[in-house]
Amino acid sequence: MAISVFDLFSIGIGPSSSHTVGPMRAAAMFGALLKKDGLLAQTTAVRAELFGSLGATGHGHGTPKAVLLGLEGNEPHTVDVAQADLDVERIRSTGRIRLLGAEIGPAHEIDFDVSNQLVLHRRRSLPYHANGMILFAYDADGVPLLEKTYYSLGGGFVVDEDAVGADRIKLDDTVLAHPFRTGDELLRLSRETGLSISALMLENEKSWRTEEEIRAGLLAIWRVMEACVSRGLGREGILPGGLKVRRRAAAVARALRSEGDPAGRAMEWVTLYAMAVNEENAAGGRVVTAPTNGAAGIIPAVLKYYLDFVPGADEESIVRFLLAAGAIGMLFKENASISGAEVGCQGEVGAACSMAAGGLAEVLGGSPEQVENAAEIGMEHNLGLTCDPVGGLVQIPCIERNGMAAVKAVTAARMALRGDGRHHVSLDKVIKTMKETGADMKVKYKETARGGLAVNVIEC
């Protein structure tokens, strides 16, 4: 199975890759399938049912909003963030929805009662994955036209029931120059070819795109990340959702600037960069899944730390950082999970911390063995991290948790670079442990808002 770095870093909308980006993609896929099968014109009613974590925390994660926008043909990377809430309010107030944007004509705007036709099952799950949803379409006589089950696997990855299997995502049989599935295989290939991890990844990415397209695409990803940091540092107010969580990044940024000596406060800045991104994510803004939305602040924060505080950083370094981080992310995707609903927050913040540590070690001149060591340290010290969002919102503890993990990633990279790459615990063993820990973790700690902080903190 081949996974591209652009599968792991994709432009989307907050607050959750598995609960917002994935369901929006699934709903849009359903509409596109209706059109492909020639059923769109006959469709007079649709229904969506959300299960597992999507049902339990969907309201807090913006899942109903995402489904409505997806049914109207929106995609996460292009949806108008400023218009999205207005479109959802139009659907709710008029009781009408425009399937695929009513592209087959005004007459195809159909009735849709959000309270009855968009159902969240808080304690029912589908068999394959915690993030499941079923979409239905009916004709004027109530006869079913199409029924489709989708699973949102984390990071915006979506599969339908036809693709369900042990491999977790739909197989891509693209032939890569240097295929690898484990950290040990990655290190072996690096030794055999003499290539750094980022250079080896670049060769693999050429199976899909030209080198110029890869570089341009990764720099475009970085520009979205950087813009998200900037917006987060400049915006104040209360985050949506009812918890009345106050944005803090802008005020802290002003204080840090007034104090001067930015280099002496580098770790405070890296914390702040991550929090700024996740405040934007919580507000439903434009973010990059890296590899998920709940952990979207860590990689941008560490990369911006590198650009701001390490002499000699340049655009080439950005490309190398993201390629190396992508290589680490693929190992988690292949061998475990990046879904908080499946393995807890260790699969989101933990994986992102590991990826950021590996990316930073790469651009700081680390050997492949040191990069792997940095990634291992980043994950090892996030093992067992639960996903227990208060109110089902990606706010508490998620925003601060990104800041903490960003600092941890920098520390992991620096620790690895002080060694020679030799260490007792391999990245492969840590990933295996993370998967097993996730399997042992009680469901209430896996993005259901039924355990941990979610029940020990009063929501209002």
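Tutor: Happy to, and keep in mind that this is a predicted model. Let's start with α10, which covers residues 249–259, and α11, which covers residues 266–282. Their axes sit 9 Å apart and the helices pack at an angle of about 155°. Angles over 145 degrees count as roughly antiparallel, so α10 is roughly antiparallel to α11. The crossing of α10 past α11 is left-handed.

Now for the side of each helix that does the touching. From α10 come Ala249, Val252, Ala253, Leu256 and Arg257. Their partners in α11 are Glu268, Trp269, Leu272, Ala276 and Glu279. Sort the residues of this contact by class and you get seven nonpolar and three charged, with no polar ones.

Next, the link. Asp261 is in the loop between α10 and α11, and its backbone is worth a look: phi is positive, about 50°, although Asp261 is not a glycine. Is Asp261 buried, partly exposed or exposed? Its relative accessibility is 49%, and exposed would take over 50%, so Asp261 counts as partly exposed.

Leu100 is another non-glycine residue with a positive phi, in this case near 50°. You'll find Leu100 in the loop that runs between β3 (96–98) and β4 (109–111). With a relative accessible area of 13%, Leu100 is buried, since the cut-off for buried is under 20%.

While you're checking backbone geometry, look at two prolines as well. The bond from Gly14 to Pro15 is a cis peptide, omega near 10°, and Pro15 belongs to the loop between β1 (10–13) and α2 (17–36). Ile396 and Pro397 are also joined by a cis peptide bond, with omega about 10°. Pro397 is in the loop between α16 (368–380) and α17 (398–417).

Last stop, the sheet. It is open and has five strands, ordered β5-β2-β6-β7-β8, with mixed pairing. At its edges are β5 (118–120) and β8 (157–160), each of which pairs on one side only. From one strand to the next, the twist averages 20°.

Technical notes
Residues are numbered from 1 along each chain as its sequence is written. This is a predicted model: local features need pLDDT of at least 70, side-chain atom pairs count only at pLDDT 80 or more; totals for chains, interfaces and linings use all residues. Side-chain values use heavy atoms; hydrogens and water are left out. Axes are lines fitted to C-alpha atoms, for helices over the stretch in contact, and angles run from 0 to 180 degrees between N-to-C directions. Helices (H or I, at least four residues) and strands (E, at least two) are DSSP runs, numbered from the N terminus. Angles under 35 degrees count as roughly parallel, over 145 as roughly antiparallel, 65 to 115 as roughly perpendicular and the rest as oblique. A crossing is left-handed if the near helix is turned anticlockwise from the far one by less than a right angle, and right-handed if clockwise. Contact means heavy atoms within 4.5 Å. Ala, Val, Leu, Ile, Met, Phe, Trp, Tyr, Cys and Pro count as nonpolar, Asp, Glu, Lys and Arg as charged, and the others, Gly among them, as polar. Buried means under 20% relative accessible area, exposed over 50%, partly exposed in between (1.4 Å probe, protein chains only). Two strands pair if DSSP finds at least two bridges between them.
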